[in-house]
Amino acid sequence: MIHDSLSNLMQYAPILDGIDQITNVLGNAYEDGTYEIGRLLVKVESYVPSTFSGIFRAHESAATVVVMLEGEELFGLTYSERCKGVARDEKGWLAIDDSPIKAVVTAKKGMFTLFLPREPYALGIACTNSPSAVRRMIIVLQP
């Protein structure tokens, strides 16, 4: 996982194939919804974070970039070893529901978080007792 300011995204070009496509997507305004743009699957959503559902997800072979457009939320992380033996769905996603949170990251407006393949995470966890609306963009680099 890489968690950094969006202004530093290009520093990761050597390890993130397709970063030029991501910067092009970030330069456009999108309504909430799901879009397929070249090799990228882009989901823009607005919602109010809630309590941890107990489910982590990871993609079998794709890197995922989460960009916070408004507000803040927590991302829970667990051990990548928990992906072993987990069945994937038809789109390559793994769901892990029997793992503890090993770390928490606070995602704020103007930040991005890169999850590598088979790196389980949980999004949308409220930061405080009075959650406020957030808006984020999830970009999956399809293999």
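## The open sheet

Let's start with the sheet: six strands, open, in the order S1-S9-S5-S11-S3-S2, with antiparallel pairing. Strands here are DSSP runs of E with at least two residues, helices are runs of H or I with at least four, and both are numbered from the N terminus; two strands pair if DSSP finds at least two bridges between them. S1 and S2 (33–37) are the edge strands, each pairing on one side only. On average, neighbouring strands of this sheet are turned by 20° against each other, direction ignored.

This is a predicted model, in which local features need pLDDT of at least 70 and side-chain atom pairs count only at pLDDT 80 or more, while totals for chains, interfaces and linings use all residues. Residues are numbered from 1 along each chain as its sequence is written, and side-chain values use heavy atoms, with hydrogens and water left out.

S1 and S9 run antiparallel to each other, paired over 4 bridges. Within that pairing, Ile-2 stands opposite Leu-114 in S9.

Helix H1 lies across S2, S3 (40–47), S5 (63–70) and S11 (134–141), at about 150° to S11. Axes here are lines fitted to C-alpha atoms, for helices over the stretch in contact, and angles run from 0 to 180 degrees between N-to-C directions. Contact means heavy atoms within 4.5 Å.

## Two partly exposed residues

Leu-6 sits in the loop between S1 and H1. It counts as partly exposed because its relative accessible area is 26%; buried means under 20%, exposed over 50%, and partly exposed in between (1.4 Å probe, protein chains only). Leaving aside neighbours within four places in sequence, Leu-6 is in contact with Leu-26, Val-67, Gly-110, Met-111 and Phe-112. Thr-23 is 17 residues from Leu-6 in sequence, and their C-alpha atoms are 9.8 Å apart.

Over in strand S2 we find Tyr-35, which is partly exposed because its relative accessibility is 25%. Not counting residues up to four places away in sequence, Tyr-35 touches Tyr-30, Leu-40, Leu-41, Val-42 and Val-44. Its C-alpha is 9.6 Å from that of Ile-139, 104 residues away along the chain.

## Aromatic pairs

Rings of Phe, Tyr and Trp (its six-membered ring) pair if their centres lie within 6.5 Å; planes under 30 degrees apart count as stacked, over 60 as edge-to-face and the rest as tilted. That gives 5 aromatic pairs. One of them is Tyr-12 with Phe-112, edge-to-face at 5.7 Å centre to centre and 70° between the planes. This pair links distant parts of the chain, with Tyr-12 in the loop between S1 (2–5) and H1 (19–26), and Phe-112, 100 residues away, in S9 (residues 111–115). Both residues, Tyr-12 and Phe-112, are buried.

Phe-52 and Phe-56 make a tilted pair, 5.2 Å centre to centre with 55° between the planes. Phe-56 is buried, at a relative accessible area of 0%, whereas Phe-52 is partly exposed at 30%. Then there's an aromatic cluster made up of Phe-75, Phe-115 and Tyr-121.

## A charge over a ring, and the cysteines

Arg-57 lies over the face of Trp-93, 3.7 Å from the ring centre; the rule asks for NZ of Lys or CZ of Arg within 6 Å of the ring centre and within 35 degrees of the ring normal.

As for disulfides (cysteine sulfur atoms within 2.5 Å), the count is 0. Cys-83 is buried at 1% relative accessibility, while Cys-127 is partly exposed at 28%.
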